[in-house]
Amino acid sequence: MYKKIFSHVGKYKKYAILAPITITGEVVMEVLIPLVMAQIINNGILEGNIGYVVKMGLLMILMATVSLFFGAVAGRFAAVASVGFAKNLRSSLFKKVQDFSFSNIDKFSTASLLTRLTTDINNTQNAFMMIIRTAFRAPIMLVFALVMTIRINPKLSTVFLVVVPVLAIAIILVLTNAHPRFLKMLTKYDAMNSSVQENLVGIRVVKAFVREDHEKKDFEKTADGVRKAQVFAEKLIILVSPFMQMCIYTCIVAILWFGGKMAINGDMEIGYLASFITYVTQILMSLMMLSMIFMMIIISRASIERICEVLDEEPDIKDSEKSSAEFADGSIIFENVNFSYFKDKNNLALENINLKINSGETIGIIGGTGSSKTTLVQLIPRLYDTTEGNVIVGGNNVKDYSIEALRSEVAMVLQKNVLFSGTIKENLLWGDENATDEEIYDACKSACAHDFIMSFPDGYETNLGQGGVNVSGGQKQRLCIARALIKKPRIIILDDSTSAVDTATDSSIRKAFREKLADTTTLIIAQRISSVKDADRIIVMDDGKIDGIGTHDELLANNTIYREVYESQQKGAED
Ligand SMILES: Nc1ncnc2c1ncn2[C@@H]1O[C@H](COP(=O)(O)OP(=O)(O)O)[C@@H](O)[C@H]1O
Ligand SMILES: [Mg+2]
């Protein structure tokens, strides 16, 4: 897991290596300074030799400057390496997510992917920086300072035999308990991001229903959840520092006590006692740093696990080896298709679907909300794979096409569609980046979008704003239809794509489709009977099953659901 993550350091590796090397320079100086100090006290101050004090003092300043220089350079290297590492990791994660199918995204949820791309990567970056800055510094300092203290006074060094094990046990106890707490904290982050995301995307709905107060309260709760989880996790971590301080001071007191006695008895020079205390501080500080590293590893382990989960996720819809099949026509066949969003045969969203649609046919699909209309058509461009059975499009199993080939022939206007920031024209070119102006105008005319686009002062160059906020719902739908038409697909699927369009426009779109797209297989999901009435055949969906197929007149005569829907809409129209 760590290997996979750290392979992302990539070309920043040289900085990650240079950092510890320069840090070693810094540490060596830091460790030598107390020794010089001992000399100054013993041979300079106590002997009254001012010349010696000045000479050694200058040496000490020089050493401090060198140490400072190395420290600064090391800090820079570590920063460059860790920021570069985070960048690489982030792009790699983003690329992976781009390859995800709908069901991969369902599995993680958009919000959790967001947390992983932001918070989790930040945690990992911080840990990485910490590790390259201290992973060498702490042990080198520890060893050096320990050697020095033993050389100065082995008897006094036995103090460590008591303090170090106590400290080690305490740190281990804290760290083992912290991991699950941090994991929990991160799931709370997911929940908060999910709440933020949903609210920002749906801010207009929130306002329309005057739900601001309710949403504020809700958010307050989620944010508080994060706070609690964080406090719960940090509570453990903050224990380390005071405990550490206690150990340091206990040590110092003990050394002053025993060392002082030795000095008074003449067993130890005063200057060495002073440097001994400095070394003790260094030893305990490096122990503290080591424990901080462990802590960072613990905190980041939860994040690294979550990042790896995304990196390891197999996009479940991939091009197969043979992906070379060619489209013969625009026919669609469903053979004994069962489908579950959860790959669970006892929880089917589509059950036993058998269906044959001829090339060039216009098919209407009608059914209550939740009757699996969207689910049915999503299998055609292979947004999801069937759980059982086959979907055959253009003469081949959908799995035998490359995804790109399949989706360029099957255009689907999604129910929840989005436009992106940029001009109208830029958005339309998503359909086919090489489309000529002529082709664009043609598609827009068929989708009844040309006229309203031309009514804007900037026409096709009108800027849409993020998510296409500058156009009305019906206009957006028509732009989405035009975008799909520009692909010149063999099969076009409109999932409730004219719901926000008035009936007159709806009917002229259908007329244009009939005239200009006679050879294109067209599937129209709609709520209004009037939208599907003229279709060659109409499919009535009910609770994941096909309840009936036929022309408007046949269904009116034989299908209860269809007749009831028709009658209620007729009544509505008469009222
Ligand atoms: N991404 C999803 N994950 C899990 N269940 C889903 C998902 N999308 C839809 N469903 C469920 O599948 C059923 C059919 O949904 P859908 O095909 O969207 O219905 P329709 O388009 O007819 O309104 C519903 O019960 C819905 O809750
Ligand atoms: Mg739907």
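How are helices H7 and H9 oriented to each other, roughly parallel or roughly antiparallel? In this predicted model, the axes of helix H7 (residues 154–201) and helix H9 (residues 212–264) cross at roughly 170°, and because angles over 145 degrees count as roughly antiparallel, H7 and H9 are roughly antiparallel to each other.

**Domains**
- The domain assignment of the protein gives two parts, with domain 1 covering 2–312 and domain 2 covering 332–574.
- Taken over C-alpha atoms, the centres of domain 1 and domain 2 are separated by 55 Å.

**The helix pair H7 and H9**
- The axes of H7 and H9 come within 9 Å, and the contact of H7 with H9 has, by class, 29 nonpolar, 8 polar and 5 charged residues.

**An open sheet**
- Four strands form an open sheet in the order E2-E1-E4-E5, and their pairing is antiparallel.
- At the edges of this sheet are strand E2 (350–357) and strand E5 (396–397), each of which pairs on one side only.
- Strands of a sheet pair through backbone hydrogen bonds, in either a parallel or an antiparallel sense.
- Strand E1 (residues 332–339) pairs with strand E4 (residues 388–393) in the antiparallel sense over 5 bridges, and Phe 334 stands opposite Val 391 in E4.

**Around ligand 1**
- The residues that surround ligand 1 are Asp 106, Tyr 341, Ala 349, Gly 367, Thr 369, Gly 370, Ser 371, Ser 372, Lys 373, Thr 374 and Thr 375.
- Sorted by class, this shell around ligand 1 has 2 nonpolar, 7 polar and 2 charged residues.
- Helix H11 (residues 373–378) contributes 3 residues, which is the largest share of the shell around ligand 1.

**Two residues with positive phi**
- Most residues other than glycine have a negative phi.
- Lys 488, although it is not a glycine, has a positive phi of about 50°, and Lys 488 is found in the loop between helix H16 (473–485) and strand E7 (491–495).
- Lys 488 has 18 other C-beta atoms within 10 Å and is therefore partly exposed.
- Asp 496 is also a residue other than glycine with a positive phi, near 50°, and Asp 496 is found in the loop between E7 and helix H17 (503–516).
- Asp 496 counts as buried because it has 22 C-beta neighbours inside 10 Å, where the cut-off for a buried residue is 20 or more.

Technical notes. Residues are numbered from 1 along each chain as its sequence is written. Chains are lettered from A and ligands numbered from 1 in the order in which they are written. This is a predicted model: local features need pLDDT of at least 70, side-chain atom pairs count only at pLDDT 80 or more; totals for chains, interfaces and linings use all residues. A residue is near a molecule or strand if its C-beta atom, placed from the backbone, lies within 6 Å of it. Ala, Val, Leu, Ile, Met, Phe, Trp, Tyr, Cys and Pro count as nonpolar, Asp, Glu, Lys and Arg as charged, and the others, Gly among them, as polar. Domain bounds come from an automatic or database domain assignment. Two strands pair if DSSP finds at least two bridges between them. Axes are lines fitted to C-alpha atoms, for helices over the stretch in contact, and angles run from 0 to 180 degrees between N-to-C directions. Angles under 35 degrees count as roughly parallel, over 145 as roughly antiparallel, 65 to 115 as roughly perpendicular and the rest as oblique. A residue is buried if 20 or more other C-beta atoms lie within 10 Å of its own, exposed if 12 or fewer, and partly exposed in between; C-beta atoms are placed from the backbone.
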